[in-house]
Amino acid sequence: MAQTAGYFHAAYIVAGTVYVLYTLSLVVRRRRVLQRIAALQRGAER
Amino acid sequence: MTTPITGRDSAPRSAPAGSNPAATEAARGRPALIDGWIIAAALAVIAAYVRVIWFTPAEAIQGLAQKIYYLHLPAALNAYLAFGVVFVTSIVYLWLHEERADLVAEASAEVGLMFTTVVLLTGPIWAKPIWGTWWTWDARLTLTLFLWFIYAGYIVLRGAILEPSLRARYSAVLGILGALLIPFIHMSVYLFRTLHPMPIVLKPDRPSLPPEMLHTLMFSFAAFVLVYFALARARYRLGLERARLAGLEALLEGGR
């Protein structure tokens with residue numbers, strides 16, 4: 001059997017990193033939009 | 001989905017804070033950033049990883065590198081699924097001018113691009129020990145790279161056009177044309193001389209995988225379908241909130 005464990009681990013780490021980074025990007029973008037909406041609503045109430 | 005689309009090109013309804021979840025979250029400034037679907041998808045992927053690593057035998061010749069398959073194929077199939085949704089919702093948008101269809105297409109295209117990125121990263125990591133090279137200009141690989149560029153272009157296009165109906169129309173056309181590449185990608189191993197392995201699951205006769213490997217593959221595929229659904233849903237909600245923000249900004253601009 002070929003010794004390919006390093007490639008196996010690398011692939012799983014790379015894929016996991018892409019999924020986590022994309023999920024974080026959604027979280028960050030959503031937080032920014034919601035904060036902007038809240039700021040506009042506060043400004044409109046004044 | 002209770003959050004109304006206020007429209008990028010229309011004024012929002014001035015609903016009081018608390019009348020919908022997004023408004024309440026926005027008013028508090030502390031949104032619920034991770035929802036239950038994303039947590040369920042993450043747990044399913046962890047379970048799939050555990051099954052692949054500890055409960056699935058390694059292939060006799062390739063060794064552990066063969067297990068990259070449980071990551072690579074579900075990502076490819078989910079990219080097909082995501083771009084298939086773009087195809088259908090883009091047609092719905094062009095036909096009915098339904099803004100929600102455009103937002104679903106936008107969400108699905110972005111998640112599909114993420115899956116295609118995983119395909120294009122994990123494929124070469126498998127290819128290096130098995131083929132002896134990270135990349136070759138094989139038909140399957142090259143067409144998949146083209147697919148990535150088309151949907152990267154789709155995302156860039158959406159950011160470049162400010163007029164909402166024009167953006168939705170142009171991106172719907174690109175979304176439909178991009179998805180037409182998928183049958184060619186799937187059939188490329190039959191149509192051209194390629195290095196890429198022939199299908200061993202999605203083929204006319206029975207899958208040629210041992211049952212324990214096939215079950216792991218199906219488990220992994222199901223986990224990543226859940227990932228697709230959870231992330232596309234989250235991205236769709238982001239699109240709705242962006243539309244709401246644009247409506248609010250338009251309303252305030254108009255009031256000055």
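This is a predicted model: local features need pLDDT of at least 70, side-chain atom pairs count only at pLDDT 80 or more; totals for chains, interfaces and linings use all residues.
Reader: Happy to start simple. What makes up chain B, helices or strands?
Author: Chain B has 8 helices and 0 strands. Read from the N terminus, its elements run α-α-α-α-α-α-α-α.

Reader: How much of chain B is buried?
Author: Buried residues account for 40% of its 256 residues. A residue gets that label if 20 or more other C-beta atoms lie within 10 Å of its own.

Reader: Then why is B:His97 called exposed?
Author: B:His97 has 12 other C-beta atoms within 10 Å. The limit for exposed is 12 or fewer, so B:His97 counts as exposed. You will find B:His97 in the loop between helix 3 and helix 4 of chain B.

Reader: What makes the backbone of B:His97 worth a look?
Author: Its phi is positive, about 55 degrees, although B:His97 is not a glycine. Most residues other than glycine have a negative phi.

Reader: Why does B:Val50 count as exposed?
Author: B:Val50 has 11 C-beta neighbours inside 10 Å, and exposed means 12 or fewer, so B:Val50 is exposed. B:Val50 sits in helix 2 of chain B. Its C-alpha atom is separated by 15 Å from that of B:Leu214, 164 residues apart along the chain.

Reader: And what makes A:Gly43 exposed?
Author: A:Gly43, in helix 1 of chain A, has 10 C-beta neighbours inside 10 Å. With the cut-off at 12 or fewer, A:Gly43 therefore counts as exposed. The C-alpha atoms of A:Gly43 and A:Thr17 are 26 residues apart along the chain and separated by 39 Å.

Reader: How do you know that the length of helix 5 of chain B agrees with what a helix should span?
Author: Helix 5 covers residues 139-160, which is 22 residues, and at 1.5 Å a residue it should span 32 Å. The end C-alpha atoms of helix 5 are 31 Å apart, so the two values agree.

Reader: Which residues of helix 5 are buried, and what covers them?
Author: The buried ones in helix 5 of chain B are B:Arg140, B:Leu141, B:Thr144, B:Leu147, B:Ile150, B:Tyr151 and B:Tyr154. Their cover includes helix 3 (69-96), helix 4 (99-131), helix 6 (164-179) and helix 7 (181-191) of chain B.

Reader: Over to the pair of chains. Why are helix 1 of chain A and helix 4 of chain B called roughly antiparallel?
Author: They pack at an angle of about 170 degrees, with their axes 9 Å apart. Angles over 145 count as roughly antiparallel, so helix 1 of chain A is roughly antiparallel to helix 4 of chain B. Residues making this contact include A:Tyr7, A:Val14 and A:Tyr22 on one side and B:Met114, B:Leu121 and B:Trp126 on the other. The contact residues divide into 13 nonpolar, 2 polar and 1 charged.

Reader: How many residues are in contact between the two chains as a whole?
Author: 30 residues of chain A are in contact with 41 residues of chain B. On the chain A side, they divide into 21 nonpolar, 5 polar and 4 charged.

Reader: Which residues of the largest nonpolar core touch the most other members?
Author: Among its 74 residues, those are B:Ala82, B:Val227 and B:Leu231. Elements giving two or more residues to this core include helix 1 (5-45) of chain A and helix 2 (36-55) of chain B. Helix 8 of chain B gives the most, with 17 residues.

Reader: What does B:Leu231 touch?
Author: Leaving out residues up to four places away in sequence, B:Leu231 touches A:Tyr22, A:Thr23, A:Leu26 and B:Val111.

Terms used: Residues are numbered from 1 along each chain as its sequence is written. Chains are lettered from A and ligands numbered from 1 in the order in which they are written. Helices (H or I, at least four residues) and strands (E, at least two) are DSSP runs, numbered from the N terminus. The expected span of a helix is 1.5 Å times one less than its number of residues. Two residues are in contact if their C-beta atoms, placed from the backbone, lie within 7 Å. Ala, Val, Leu, Ile, Met, Phe, Trp, Tyr, Cys and Pro count as nonpolar, Asp, Glu, Lys and Arg as charged, and the others, Gly among them, as polar. A nonpolar core is a set of buried Ala, Val, Leu, Ile, Met, Phe, Trp, Tyr and Cys residues joined through C-beta atoms within 7 Å. Axes are lines fitted to C-alpha atoms, for helices over the stretch in contact, and angles run from 0 to 180 degrees between N-to-C directions. Angles under 35 degrees count as roughly parallel, over 145 as roughly antiparallel, 65 to 115 as roughly perpendicular and the rest as oblique.
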